[in-house]
Amino acid sequence: MNVASDYRDSHTAVGKGKVYHSSFSQYSWRRIMWEWEQRTLVEIFEEKLPKDGTIMDFACGTGRILNFLQTQSPNVTGVDISDSMLEVTRKNLPNIEIVQADLTRDNVLKEANRQFDVITSFRFFLKAQNELRIEVLDTLHPLLKEHGTFVVNNHGPAMSLGVLLEIFYGRLKNLIRTPEKKVTFYRMSHKHFKKLLNNAGFEIETTYHRSVFPIMNEKTPRDVSKFEKFENWCSTKKFLRPLARNVVYVCKKK
Ligand SMILES: C[S@@+](CC[C@H](N)C(=O)[O-])C[C@H]1O[C@@H](n2cnc3c(N)ncnc32)[C@H](O)[C@@H]1O
């Protein structure tokens, strides 16, 4: 299987950081989605981020989100456990505060009485095992200020057309793959994520949706920018939202 049983170990291999980081310029779906996520964050922050407010990016990886966040506030902190991922961040963003820790086991930020106006976390919750999702949400809740905002995404919603097709064809292909080459697929329903957020003391205020056009593979070598006009239309249609491949949740404390 191509997956670590504990998501904490998923991005620790030597060289993983460099490969992961370059995928956002190499593959058009990832590049376009990241452009949309940035536009979405700008819109959210206009309302939710106080001037020079504090932002923590949880599971910051190679600093993709941090690089954008530093344009929004001078008070940005990144948290991750992986040397391989943080090596890229430290090289590209030497002036940003990085906390290398597993906050679920050693909450150095809580011990230091730190709290943030905004906490972001992208591309973490879908693939983390459920116990870790719960532990992380319970850890992040007290680190968010009373009227703070938690922004988090799910890039594998259970009803997404692209995800469903990817899983269907992927499972067929798995039938002829050797055990060590078999691929694991992920999906997480809105209902389940909402329940996890709720149980941890978060309430969803708004959601943003993108990628209704059924892209089966985030790393497709094809240029998917030609579907952008169609996507722009789809994103305005409420009834198409459940089919989207990427959902951004804006949450507050209950
Ligand atoms: C797919 S990467 C996402 C990176 C970044 N957020 C982005 O969207 O580009 C997932 C990250 O979660 C990190 N991670 C896994 N478990 C963690 C934990 N318990 N605490 C902090 N980071 C963790 C991994 O090291 C990895 O860098």
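I'll start with threonine 207. Leaving aside neighbours within four places in sequence, threonine 207 is in contact with Val247, Val248 and Tyr249. Bear in mind that this is a predicted model. Threonine 207 sits in strand 6, which covers residues 202-210. There is also a polar contact here, between the side chain of threonine 207 and the side chain of histidine 209, at 3.0 Å.

Next, the ligand. Which residues come nearest to the ligand? There are 17 residues around it, and the nearest are Tyr20, Ala59, Arg64, Asp80 and Phe122. By type, that shell splits into 9 nonpolar, 3 polar and 5 charged residues.

For tyrosine 20, an N or O atom of the side chain is 2.8 Å from an oxygen atom of the ligand. For arginine 64, a side-chain N or O atom lies 2.7 Å from an oxygen atom of the ligand. Alanine 59 uses its backbone: an N or O atom there is 2.6 Å from a nitrogen atom of the ligand. As for cover, the ligand taken alone exposes 590 Å², and the protein buries 99% of that.

Last, a pair of helices. Helix 1, residues 16-26, and helix 4, residues 83-92, have axes that come within 6 Å and cross at roughly 65°. The crossing of helix 1 past helix 4 is right-handed. Which residues make the contact? On helix 1 they are Lys16, Gly17, Lys18, Tyr20 and His21. On helix 4 they are Ser84, Met85, Val88 and Asn92. Sorted by type, the residues of this contact come to 3 nonpolar, 4 polar and 2 charged.

One residue ties the last two parts together. Tyr20 belongs to the helix 1 side of that contact, and Tyr20 is also among the residues nearest the ligand.

How values were computed: Residues are numbered from 1 along each chain as its sequence is written. This is a predicted model: local features need pLDDT of at least 70, side-chain atom pairs count only at pLDDT 80 or more; totals for chains, interfaces and linings use all residues. Side-chain values use heavy atoms; hydrogens and water are left out. Axes are lines fitted to C-alpha atoms, for helices over the stretch in contact, and angles run from 0 to 180 degrees between N-to-C directions. Helices (H or I, at least four residues) and strands (E, at least two) are DSSP runs, numbered from the N terminus. A crossing is left-handed if the near helix is turned anticlockwise from the far one by less than a right angle, and right-handed if clockwise. Contact means heavy atoms within 4.5 Å. Ala, Val, Leu, Ile, Met, Phe, Trp, Tyr, Cys and Pro count as nonpolar, Asp, Glu, Lys and Arg as charged, and the others, Gly among them, as polar. A residue is near a molecule or strand if one of its heavy atoms lies within 4 Å of it. A polar contact is a pair of N or O atoms within 3.5 Å; within protein, one must be able to donate a hydrogen and the other to accept it, and residues adjacent in sequence count only if both atoms are side-chain atoms. Accessible areas come from the Shrake-Rupley method with a 1.4 Å probe; for residues, only the protein chains shown count as cover.
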